[in-house]
Amino acid sequence: VQLQASGGGLVQAGGSLRLSCAASGRTFSDYNMGWFRQAPGKEREFVAAIHWSGSTTVYADSVKGRFTISRDNAKNAVFLQMNSLKPEDTAVYFCAQGMGVMDLYDSYDYWGQGTLVTVSS
């Protein structure tokens, strides 16, 4: 399984970015997809997840109302639309694939390489 995240970059506070993650190697529509992030000196934390069917999404409280996760099972891809970005959103963002409780790190067995998001104040 390979997960390739892209779309990170430098943006000013209040701006937007859209992250993408392309998956290959197993049937994409069988698995939940999640986004996690890790800021310098901090542990990796949950950001958002979407059920394999697309019917359910889960968000961390810190991003609710600002971030939207979506998936396109025909294209084997998951997206994270990030609006109203804040400096505290600065982190490396990782996409992940797995099953189980969607906001738990241990539910995911494959991880992408990460894409850096930097939000300037």
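User: Are F36 and Y108 buried or exposed?

Analyst: In this predicted model, F36 and Y108 are both buried. For F36 the relative accessibility is 2%, and because buried means under 20% relative accessible area, F36 falls in that class.

User: Which kind of aromatic pair do F36 and Y108 form, and how should I read its geometry?

Analyst: The general idea is to take the distance between ring centres together with the angle between ring planes, where an angle over 60 degrees counts as edge-to-face. In the case of F36 and Y108, the centres are 5.4 Å apart and the planes stand at 75 degrees, which makes the pair edge-to-face. Since F36 belongs to strand β4 and Y108 to strand β10, this pair ties together parts of the chain that are 72 residues apart in sequence.

User: How many aromatic pairs does a search of the whole structure find?

Analyst: The search finds six aromatic pairs. One of them joins F36 and Y105, whose ring centres are 6.2 Å apart and whose planes are at 90 degrees, so that this pair is edge-to-face. Here too distant parts of the chain are linked, as F36 lies in strand β4 (residues 32–38) whereas Y105 lies in the loop between β9 (91–98) and β10 (108–111), 69 residues apart. Y105 counts as partly exposed, at 43% relative accessibility, while F36 is buried.

User: Which residues do the ring pairs link into a cluster?

Analyst: The cluster consists of F36, F46, Y105, Y108 and W111, linked through ring pairs.

User: Where does the charged end of R44 sit?

Analyst: For such a contact one asks both how far the charge is from the ring centre and whether it is within 35 degrees of the ring normal. The charged end of R44 sits over the ring of W111, 5.0 Å from the centre of that ring, and W111 is itself a member of the aromatic cluster. In another such contact, the charged end of R18 sits over the ring of F79, at 4.1 Å from the ring centre.

User: What is the order of the strands in the open sheet of four strands?

Analyst: Strands of a sheet pair through backbone hydrogen bonds, in either the parallel or the antiparallel sense. In this open sheet the order is β1-β3-β8-β7, and the pairing is antiparallel. The edges are taken by β1 (2–6) and β7 (67–72), each of which has a single partner strand, so one side of each is left without a neighbour in the sheet. On average, neighbouring strands of this sheet are turned by 15 degrees against each other, direction ignored. Within the sheet, β3 (residues 17–24) and β8 (residues 77–82) pair over six bridges, and A22 has A77 in β8 as its bridge partner.

Definitions and conventions: Residues numbered from 1 in each chain as written. Predicted model: local features only at pLDDT ≥ 70, side-chain atom pairs only at ≥ 80, totals over all residues. Heavy atoms only, no water. Pairing = 2+ DSSP bridges. Helix = DSSP H or I, 4+ residues; strand = E, 2+ residues; numbered from the N terminus. Axes fitted to C-alpha atoms, helices over the stretch in contact; angles between N-to-C directions. Phe/Tyr/Trp six-rings, centres within 6.5 Å; stacked < 30°, edge-to-face > 60°. Buried < 20%, exposed > 50% of the residue type's maximum accessible area, 1.4 Å probe, protein only. Lys NZ or Arg CZ within 6 Å of the ring centre and 35° of its normal.
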